[in-house]
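Here are my notes for you on this one. Have the model open while you read, and go through the points in order.

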Amino acid sequence: PREKVDIYAAGLVLFEMCGQFKTEMERCKNLENLSKNREFPKGFTEKYASESKIISMMTDHVPVKRPSA
């Protein structure tokens, strides 16, 4: 469903808003790691515990597992 794609994109935006990336390359690498490997940067889940949980749900590879708006 289309709304699940929007939730995925919103999860990536939330991740970018929380992250403090020093370079564009670092931002791209971290987005790729989240998208492909479901990995957050070191220290992210400790600093943003509740945000990382919702980001994980929003960016789940299985669309039906993502929350709805």
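**Notes on helix α2 and the chain**

1. Let's start with α2, residues 24-37: its 14 residues reach 19 Å from first C-alpha to last, close to the expected 20 Å (1.5 Å times one less than the number of residues). Helices here are DSSP runs of H or I with at least four residues, and strands are E runs of at least two, numbered from the N terminus.

2. A quick word on the source: this is a predicted model, where local features need pLDDT of at least 70, side-chain atom pairs need 80 or more, and totals for chains, interfaces and linings use all residues. Numbering starts from 1 along each chain as its sequence is written, and side-chain values use heavy atoms, leaving out hydrogens and water.

3. Which residues of α2 are buried? They are Asn30, Leu31 and Leu34 (buried is under 20% relative accessible area, exposed over 50%, partly exposed in between, with a 1.4 Å probe and protein chains only). They sit on the same side of α2 because they cover an arc of only 100 degrees around the axis, going by the directions from the helix axis to the C-beta atoms.

4. Covering the buried residues are, among others, α1 (2-18) and α4 (49-58).

5. Zooming out, the chain has four helices and zero strands. Buried residues make up 29% of its 69 residues, and its C-alpha trace spans about 35 × 25 × 20 Å along the principal axes.

Terms used. Contact = heavy atoms within 4.5 Å.
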